[in-house]
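Me: Walk me through this model. I want to know what each term rests on.

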Amino acid sequence: MAYTFNPPKRYLMGPGPSDAHPRVLKAMASPLIGHLDPHFVNMMDEVKDMVQKAFLTKNNLTFVVSAPGSAGMETCLVNLLEPGDECIICINGVFGGRMAEIAERCGAKVHKVITPWGKVTSEQQIKDALKECPKPKLVALVHAETSTGALQPLEEISKLVHEVDSLLVVDAVTSFCGVPLKVDEWGIDAIYTGSQKNLSAPPGLSPVSFSPRAIEVLENRKTKVQSWFLDLNLVKNYWAGAKRAYHHTAPVSAVFALHEALNLVMEEGLENRWKRHYEVHEYLQKELEALGFRYLVDKEHRLPNLNSVYLPENVKDEAALRNTLLNDFNIEVGGGLGDFAGKIWRIGIMGESCTHNHVNMLIGALKEIL
Ligand SMILES: *Cc1c(COP(=O)(O)O)cnc(C)c1O
């Protein structure tokens with residue numbers, strides 16, 4: 001007896017994955033070719049070119065890790081940190097906490113800059129941390145904290161980090177291709193993102209990029225990178241165009257999908273895409289507030305594509321309401337994490353899920369249920 005599995009048609013408005021464009025799904029269904037086939041190698045070069053453009057970087061060491069965003073996070077940290085190194089990690093939600101956890105596992109001494117969830121790290125906090133740890137190997141921040149919906153300003157902090165000759169490491173999983181992000185202009189030295197948020201490709205791939213300064217640090221390591229799979233010295237040769245050497249077998253179909261998702265970004269244009277996320281956010285915000293939802297994050301630091309909101313007073317059981325949305329309306333929204341579990345919703349309008357129609361569907365369903 002064979003099992004059949006037919007996933008329902010959902011509208012994905014949570015913290016990821018987001019809805020995929022039909023062209024992306026079609027690309028994924030293309031026949032397999034070998035990962036060393038010249039056609040595949042050529043397509044990987046195009047992926048690299050488009051990732052550079054989407055990051056607004058000229059960094060040559062830009063490629064895609066064959067694993068989800070979490071592996072991109074681990075790639076950045078395990079390659080730049082050695083046992084005994086000191087680093088500063090900013091924590092204002094789940095993902096900053098994870099970076100600290102990985103850095104500790106690298107044997108680094110981690111100075112944590114802790115900020116209440118929903119707020120962002122200030123320049124003053126970085127200045128204070130640099131007094132305690134004047135020569136950190138790196139300073140890491142989450143640009144878009146998906147657990148809270150806060151958008152971290154980076155430009156001024158970048159200057160402070162470079163004044164002490166340290167590296168700026170940024171988690172851009174939820175900001176990439178949704179809000180302004182300028183890797184070279186902002187002096188970001190190591191950055192990772194994911195395929196399934198604003199890019200609207202299937203989960204499981206992580207574009208990354210490293211500045212020449214980061215490469216210098218990498219080349220001067222005294223110890224081997226403790227992870228074989230994520231060691232940039234080895235994996236970078238896999239993305240070295242015609243010279244590419246076998247490292248692992250790329251998830252061929254997922255890379256097809258990523259290639260098409262990046263094509264869609266290039267066709268729309270980065271600036272237009274940023275604008276679309278902001279405009280749909282403003283519309284969603286107006287409608288949610290009219291229904292009695294309240295935003296968690298101050299307007300100034302609100303992430304447009306991930307809306308964290310407290311529920312209206314009269315809703316006693318948020319989980320039951322989310323279940324009704326999913327089961328009766330096929331709409332997925334996210335619940336809160338950590339201290340916010342049971343208290344907030346996280347409504348994603350990312351990539352293909354970022355349309356007025358999605359907002360109308362959600363608001364219409366909520367009006368009917370409430
Ligand atoms: C989703 C997310 C990740 C992890 O990405 P996965 O693809 O789930 O591994 C890391 N950081 C942030 C900010 C995220 O939103």
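**Cavities and sheet**

Reply: The largest cavity holds about 70 Å³ of space. This is a predicted model, where local features need pLDDT of at least 70, side-chain atom pairs count only at pLDDT 80 or more, and totals for chains, interfaces and linings use all residues. Residues are numbered from 1 along each chain as its sequence is written, and side-chain values use heavy atoms, with hydrogens and water left out.

Me: What makes a space a cavity?

Reply: A cavity is a set of points on a 1 Å grid over the protein atoms alone, where a 1.4 Å probe fits but cannot get out. The search of the whole structure finds 2 cavities of 30 Å³ or more. Volume here is the space filled by probe spheres set on the points, with grid points joined across faces, edges and corners. The second largest cavity has about 30 Å³.

Me: Which residues line the largest cavity?

Reply: Phe63, Val64, Val65, Ser66, Thr75, Phe229, Leu230, Val235 and His248 line the largest cavity. Lining residues have an atom within 4 Å of a point. Strand β2 gives the largest share, 3 residues.

Me: How do the residues of that lining divide into nonpolar, polar and charged?

Reply: Ala, Val, Leu, Ile, Met, Phe, Trp, Tyr, Cys and Pro count as nonpolar, Asp, Glu, Lys and Arg as charged, and the others, Gly among them, as polar. The lining of the largest cavity has 6 nonpolar, 3 polar and no charged residues. The second largest cavity has 4 nonpolar, 2 polar and 2 charged in its lining. Among its lining residues are Arg273 and Glu352.

Me: Why are β2 and β4 called edge strands?

Reply: The open sheet of 7 strands runs β2-β10-β9-β8-β5-β3-β4, with mixed pairing. Strands β2 (61-65) and β4 (109-114) each pair on one side only, and are its edge strands. Strands are DSSP runs (E, at least two residues), helices likewise (H or I, at least four), numbered from the N terminus. Two strands pair if DSSP finds at least two bridges between them.

Me: What makes β3 and β5 a pair?

Reply: Strands β3 (residues 86-91) and β5 (residues 138-142) have 3 bridges, in the parallel sense. At least two are needed, so they pair. Isoleucine 88 stands opposite valine 139 in β5.

Me: Which helix packs on the sheet?

Reply: Helix α2 (residues 38-55) does, touching β2, β9 (190-192) and β10 (206-210). Contact means heavy atoms within 4.5 Å.

Key:
Axes are lines fitted to C-alpha atoms, for helices over the stretch in contact, and angles run from 0 to 180 degrees between N-to-C directions. On a 1 Å grid over the protein atoms alone, a cavity is a set of points where a 1.4 Å probe fits but cannot get out, and a pocket is an open set with protein on both sides within 12 Å along at least five of seven lines; lining residues have an atom within 4 Å of a point.
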